[in-house]
2 protein chains.
Amino acid sequence: MPSVAGVIIGNEILSGKFADENGPHLIARARAVGADLRRLVTIADDRDVIAAEVRACSQSFDHVITSGGVGPTHDDVTLESVAMAFGLPIVRHPELQALLQSYDLTNPHAMRMAEVPQGTSLHRSDPTRFPVLQCRNVWILPGVPKLFRAKLEIVLTHLHGRAVHARRLYTREPESQIAERLERVQRAFPAVEIGSYPRYGEGPAFVIVTLESRDPAAVALAASSLTACLVVFQPPDGPIE
Amino acid sequence: MPSVAGVIIGNEILSGKFADENGPHLIARARAVGADLRRLVTIADDRDVIAAEVRACSQSFDHVITSGGVGPTHDDVTLESVAMAFGLPIVRHPELQALLQSYDLTNPHAMRMAEVPQGTSLHRSDPTRFPVLQCRNVWILPGVPKLFRAKLEIVLTHLHGRAVHARRLYTREPESQIAERLERVQRAFPAVEIGSYPRYGEGPAFVIVTLESRDPAAVALAASSLTACLVVFQPPDGPIE
């Protein structure tokens, strides 16, 4: 099961100028293909901060996916920062240079998009489009949501795992009362991740108990054990959150 | 201007079981009160990971706000992890113990909510409610969205700054063409943060140019400079994203 960290780069997200669409999309797609997203961090357009985060994530996880900071403007510093993270020089990539020239993008600002950390490899599904850049285990994606989504699909073909199987149970017993029972079932089924999430809505409070595992039989058995020892109820109209 | 880092703790967010509501809410509220959110990270319910992140953020930023992991169940490990971050012992807080007893929550699992890092201070607006916990510069908030939102308001009274003033301009000139002009204006107005964000929608592509500063006069001057050197257009029906 490959582990993944997502690094969203952009002052515009932290300042609230734009809502982050790429983080939630990465979560959803990682879940769908069975990749194990373990960290998702939003940081500023700052070379030192990006380099430190990329270096740490690259050491701790199998794959790192960055979003943002790869365009031609002054605040696009991701490529330099990834190079800094690994102590690599920046080089002009001949294939990227040719591609930008084919788009008639030849001014020095546009050409920054062809300047990548040494050893960067290119992945593409369509030779007329800008490729996905990979430097070691870091996949460098653009922040524009439409482009991020398209390029993420190329990355995901490299990190498929086994899909997650999930169940939810609902109880009106308070969390502090059921904690001991949850812990007992958790110990009996270490392959299942059991979580509990209280919700206080319009009606009476309740707790959502979740079960997840890549082993569907273990989820079914753990759910039976919990159903036997908790007072569960059926949510009236499908799942409630 | 106080700097702030947000630490969202929860496997349930990373695995996509629940959408993160607290991160976006923190971004919006920090912006509204003029606090400078510099980092927002979502991490797993893992003591070592939480302790390392809290320690690093505590050193780098004026305030750290955590979300999640403070309930009575086995996966609630935030309080222990904050104690680990600072090498502090966990102690039972007499006021919290009395409060839990007043709720008739006296079993050992519930009592975990009274076990906090030594030196934790309590902030409350209503003596019958569970207070906000502060350990050094770390504010420890619950992950349940309704409770997080209520308690964040108490935290925010401690970190007001100056509101951000913002303008947006829209141009159909491509980003690679305007990069040099943006950079020139950025250099002339260092107090203004200028960003550019291409958008590819149904119609022709365009670029959103944003200007932000805590100095409203600087925003107005920089916007005039940009309007004089870019071919801007008026979005037809209010702002487009």
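## The interface as a whole

The contact between the two chains draws 53 residues from chain B and 54 residues from chain A. This is a predicted model, and the description that follows should be read with that in mind. The area buried between chain B and chain A is about 4,700 Å², and carbon and sulfur atoms give 55% of that area. Within the part that chain B buries against chain A, B:Lys17, B:Phe18 and B:His74 supply 15%, which is more than any other three residues.

## How the two copies are related

In general, two copies of a chain are related by a rotation about an axis and a shift along it. Here, chain B can be laid on chain A with an RMSD of 0.0 Å by a turn of 180°, together with a shift of 0.0 Å along the axis. That is the relation of a two-fold axis. Of the residues of chain B, B:Val41 comes closest to this rotation axis, its C-alpha lying at 2.1 Å.

The surfaces used by the two chains can also be compared: 100% of the interface residues of chain B are also interface residues in chain A, so the copies meet through the same surface.

Strand β2 of chain A, which covers residues 36-43, is joined to β2(B) by five bridges, and the two strands run antiparallel. One of the residues taking part is A:Leu40, whose bridge partner in β2(B) is B:Thr42.

## Polar contacts and salt bridges

Between chain B and chain A, 20 residue pairs are in polar contact, counting pairs in which both residues have pLDDT 80 or more. Several elements of chain B each supply at least two residues of the side that touches chain A, among them α2 (22-33), β2 (36-43), α7 (145-156) and β10 (193-199). The largest share of that side, eight residues, comes from α8(B). Sorted by class, the side of chain B that touches chain A has 22 nonpolar, 14 polar and 17 charged residues.

Four salt bridges are found across the interface of chain B and chain A. A salt bridge is formed by A:Glu193 with B:Lys17, where the closest N and O atoms are 3.9 Å apart.

## A closer look at A:His74

A:His74 is placed in the loop between β3 (63-67) and α4 (78-86) of chain A. Leaving aside residues up to four places away in sequence, A:His74 touches A:Arg112 in its own chain, and B:Leu182, B:Glu183, B:Gln186 and B:Ile194 in chain B. The side chain of A:His74 also reaches the backbone oxygen of B:Ile194, at 3.4 Å.

Key:
Residues are numbered from 1 along each chain as its sequence is written. Chains are lettered from A and ligands numbered from 1 in the order in which they are written. This is a predicted model: local features need pLDDT of at least 70, side-chain atom pairs count only at pLDDT 80 or more; totals for chains, interfaces and linings use all residues. Side-chain values use heavy atoms; hydrogens and water are left out. Copies are superposed by least squares on the C-alpha atoms of residues with pLDDT of at least 70 in both. Contact means heavy atoms within 4.5 Å. Helices (H or I, at least four residues) and strands (E, at least two) are DSSP runs, numbered from the N terminus. A polar contact is a pair of N or O atoms within 3.5 Å; within protein, one must be able to donate a hydrogen and the other to accept it, and residues adjacent in sequence count only if both atoms are side-chain atoms. Buried area is the accessible area (1.4 Å probe) that two parts lose on being put together, summed over both. A salt bridge is a side-chain nitrogen of Lys or Arg within 4 Å of a carboxyl oxygen of Asp or Glu. Ala, Val, Leu, Ile, Met, Phe, Trp, Tyr, Cys and Pro count as nonpolar, Asp, Glu, Lys and Arg as charged, and the others, Gly among them, as polar. Two strands pair if DSSP finds at least two bridges between them.
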